[in-house]
Amino acid sequence: MAMEVVLLVTMCLMNSTIINMCSYNQSGDLTKSDRAVDGIFGFGQNDLSVVSQLNSQGLAPKIFSHCLEGEDRGGGILVLGEITEPGMVYTPIVPSQPHYNLNLQGIAVNGKQLSIDPQVFATTNNRGTIVDCGTTLAYLAEEAYDPFVNSIITAVSQYTQPFIMKGNPCFLTVHSIDEIFPSVTLYFEGAPMDLKPRDYLFQQLSPDTSPVWCIGWQKSGQQATDSSKMTILGDLVLKDKAFVYDLQNQRIGWTNFDCSSTVNVSVATGESKSIDSGKLNSNGSPPSRILKELDMKLCYCFLFLMSSIVILYSNK
């Protein structure tokens, strides 16, 4: 999902001092030309992250939001502030963790709860459930992967049978996936997340160019040898949703949303503003006087690649 990115801000930088870290060595996938990045934009919870530094200087709230576009369009919006769309539900962030860990309590397919011990998803030294839009797909802990995949195969068995393609269970079908594939619900503490087939399937082309849909949730351990017990929800799950990371109140919220449309956000003064990510002008700038341009070829925000960043704060 890489793309050309115009980062819209000099990070409130006219009135602030940001401590930057520099790297001198890259290894692994970062050395590959198709995955190389110009920089990593830190949005973690510690004091050195960009959002924490801006908040400590009174330039931005300790809350940020993103909305990633799906349908292979790429792009989206990142807001230093709160997206305030109807239907937002919140779940607590597990405290004292290096990642954004959440309490996943169960998974249902077509409304039927899967037989998975909730401890599979609980946060321990080597377990946990995290949201990370620096991850493209999604990864299920080993004990949850087989029940999930088997339930999908059973649900579509009268329409199509699975086959393995590039290590993934795949399906060849002439039907609309929304008609034959089941809905999935992730049950977090106090907040369900309803998923459509496109939130767990991705499209491939078979050798004869017929459309093939593959399950995009991988078994943990395929990504890294030390992560076989982790559940990681990446862009495949997070796309087409407005996500709010409320660090002040230690919670994360979401709602299904068309990320190419106008999004309502709140600013530090309590005002509400609308940002239309689909109506940037010819040089990539949104219609706002508080934004400045900063060109970057690619940007990872620890999270993912965005087409625009909006920083909302009151002028001092």
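Predicted model: local features only at pLDDT ≥ 70, side-chain atom pairs only at ≥ 80, totals over all residues.

Residues are numbered from 1 along each chain as its sequence is written, and side-chain values use heavy atoms, with hydrogens and water left out.

**Exercise 1.** Work out which residues of helix α2 are buried, and why they lie on the same side.

Step 1: find the helix. α2 spans residues 142–155; helices here are DSSP runs of H or I with at least four residues, strands are runs of E with at least two, and both are numbered from the N terminus.

Step 2: pick out the buried residues (under 20% relative accessible area, with exposed over 50% and partly exposed in between, using a 1.4 Å probe and protein chains only). They are Ala144, Tyr145, Phe148, Val149, Ser151 and Ile152.

**Exercise 2.** Find which residues touch the most other members of the largest nonpolar core.

Step 1: know the term. A nonpolar core is a set of buried Ala, Val, Leu, Ile, Met, Phe, Trp, Tyr and Cys residues joined through side-chain atoms within 4.5 Å.

Step 2: go through the 56 residues of this core; Phe148, Val184, Leu186 and Trp217 come out on top. The largest share of the core, five residues, comes from α2.

Step 3: zoom in on Phe148. Leaving aside neighbours within four places in sequence, its contacts (heavy atoms within 4.5 Å) include Ile107, Leu140, Val184 and Trp217.

**Exercise 3.** Name the edge strands of the open four-stranded sheet.

Step 1: write down the order, β8-β7-β13-β14, with antiparallel pairing (DSSP finds at least two bridges between paired strands).

Step 2: check the ends. β8 (112–113) and β14 (191–195) each pair on one side only, which makes them the edge strands.

Step 3: Two bridges join β7 to β8, and Val109 has Lys112 in β8 as its bridge partner.

**Exercise 4.** Decide whether Gly221 is buried, partly exposed or exposed.

Step 1: locate Gly221, in the loop between β17 and β18 (230–233).

Step 2: take its relative accessibility. That value is 31%, so Gly221 counts as partly exposed.

How values were computed: Expected span 1.5 Å × (residues − 1). Arc of directions from axis to C-beta.
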